Amino acid sequence: MSDAVSNSVSNVVSSPAFDVAVIGAGPAGLAAAARAVESGARVAMVDDNPRPGGQIWRASRSPEPWLRSNVEVFSGARVFAAPAPGVLALERSDSNLELRYRSLILATGARERFLPFPGWTLPNVMGAGGLQALAKSGLPVDSKRIVVAGSGPLLLAVARYLRDHGADVRLIAEQADSSAIFRFGLGLIAKPAKLIQAIGLRAGLLGVRYLTACWPVAAHGAEKLESVTLQRNGKTWTERCDYLACGFGLIPNVELPTLFGCRMSETGVAVDEYQQTSVANIYCAGEVTGIGGLDLALVEGEIAGYAAAGKPHDSRKLFAARNSKRQFAGALERAFAARAELRNLPQDDTFVCRCEDVTYARVRQCSNWREAKLHTRCGMGPCQGRVCGGAVEFLLGWKPDSVRPPVLPARVGSLARPL
Amino acid sequence: MKSIEARPETLNLRVDGHTVGVPAGSMVSAAVAMAGASKFRTSVTGQPRAPLCGMGICFECRVTINGRAHCKSCQIPCEAGMEVETDV
């Protein structure tokens, strides 16, 4: 690259080398950074949101016990490439940064799985966690009529949050059968703290209908959502509502670990007992290794933090706690597995890819991801398949084949350097 | 747990030319919705779109802020005097 081009790139700063760089400032990343810095490492923590806490601790003081003043925090910063070993390329709103590190902890968390159905692209049809995030971001929901739908314990937490903030939660539609959830409930009895938590959530929802084996089949409206049609026991009916908060569980954000070549497991990124991935000095912690919830994310983060800072033996005391939390996560996965009928939700003209407006009929004609990208542009828009990827995996069984830099849309100025 | 509702300060910004007051700490996405705009952007086939994920994954919340296009409004805190344009 010529000097003229290099000089045209504004504000690219290169950091001194950190012992440990943590990507993601949710519970796993916060716990990892805290334990790494306590172990004597020089630690940087990067997150694309304005404040630490991740999604679960958005707009709350819950991160405070895990914040350490000697961790250097880069908020509002996106990792878009790894231009050389030990270097991350970050983009912030007005500047770029090359972050240098010796060990890397990827705590990139999870996103909701969205499944396409007719009308799901209408304004005010959102994820379950998505609407909660918007409410935590300042959107008033008082007196709004809201249907909460999809699958998993997140629906209960979201419904309670919305109701506590004045929303008229019309019902919770859980796609899983009551028998599966009941089996999960029995398993909980061996974990008293979890049982109390679960009962607390249900008790807080008295007066809100919780329908199992129930799911949305279509959303309706002209310019925005006006009503949703639900199905249960072979019957359908329509509920008028202002918002549909709908998410079918969570899927790990594996794009960055994939870019680094980390091997995958059945549930997410494969890690060893110290949370190290198949790539030396790259660790993963939290939901990115498999969906397991807050408590597991914290303990995995702590273990990764100790290990990445060169104190792996300090983490061994946490192994037993991690094992029990992993068992709980496995039971959860089985109880809320997505039912096969959900594959019938998208119609021929339903958009699967919202970035490029690609219909299900066009995607289904292809035989794999590569062909779909080449022939339809499915997964080629700004989100880079982050939304349609989880849907296509469920609908057609395709796993994403590769990740290439930039892993997110980046400014031209950011790209005017070798990736 | 302290949420943003506990901080009463209000700041004003403009969405499509209309002034909207929001609690300090609100994201631009909330301000756009509070201003009454149901459409944040128009899709490649002309459909109205608004935030889906609320957390910076889906890119449906893109708006123009102070003249800069394609800003993810779910991840950008409101600032007094911001000029926000939807559907550009």
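Two strands are taken to pair if DSSP finds at least two bridges between them. The legends below concern a predicted model.

**View 1. The five-stranded open sheet of chain A.** The strands are arranged in the order β8-β15-β9-β10-β11, and their pairing is parallel. At the edges stand β8 (125-126) and β11 (209-211) of chain A; each has a single partner strand, so one side of each is left without a neighbour in the sheet.

**View 2. Pairing of β9 with β15 in chain A.** Six bridges join strand β9 (residues 145-151) of chain A to strand β15 (residues 243-248) of chain A, in the parallel sense. Within this pair, A:Gly150 lies opposite A:Gly247 of β15(A).

**View 3. Helices α3 and α4 against the sheet of chain A.** Helix α3 (residues 128-136) of chain A lies across β8, β9 and β15 of chain A and runs at about 130° to β15(A). Helix α4 (residues 154-164) of chain A also packs on the sheet, where it touches β9, β10 (168-174) and β15 of chain A. The direction of α4 makes about 175° with that of β10(A).

**View 4. The crossing of helices α8 and α9 in chain A.** The axes of helix α8 (residues 294-308) of chain A and helix α9 (residues 319-335) of chain A cross at roughly 145° and come within 9 Å. This crossing of α8(A) and α9(A) is left-handed. From α8(A), the contact involves A:Asp295, A:Leu296, A:Val299, A:Glu300 and A:Ile303; from α9(A), it involves A:Ala321, A:Arg322, A:Lys325, A:Arg326 and A:Ala329. By class, five residues of the contact of α8(A) with α9(A) are nonpolar, five are charged and none is polar.

Terms used: Residues are numbered from 1 along each chain as its sequence is written. Chains are lettered from A and ligands numbered from 1 in the order in which they are written. This is a predicted model: local features need pLDDT of at least 70, side-chain atom pairs count only at pLDDT 80 or more; totals for chains, interfaces and linings use all residues. Helices (H or I, at least four residues) and strands (E, at least two) are DSSP runs, numbered from the N terminus. Two residues are in contact if their C-beta atoms, placed from the backbone, lie within 7 Å. Axes are lines fitted to C-alpha atoms, for helices over the stretch in contact, and angles run from 0 to 180 degrees between N-to-C directions. A crossing is left-handed if the near helix is turned anticlockwise from the far one by less than a right angle, and right-handed if clockwise. Ala, Val, Leu, Ile, Met, Phe, Trp, Tyr, Cys and Pro count as nonpolar, Asp, Glu, Lys and Arg as charged, and the others, Gly among them, as polar.
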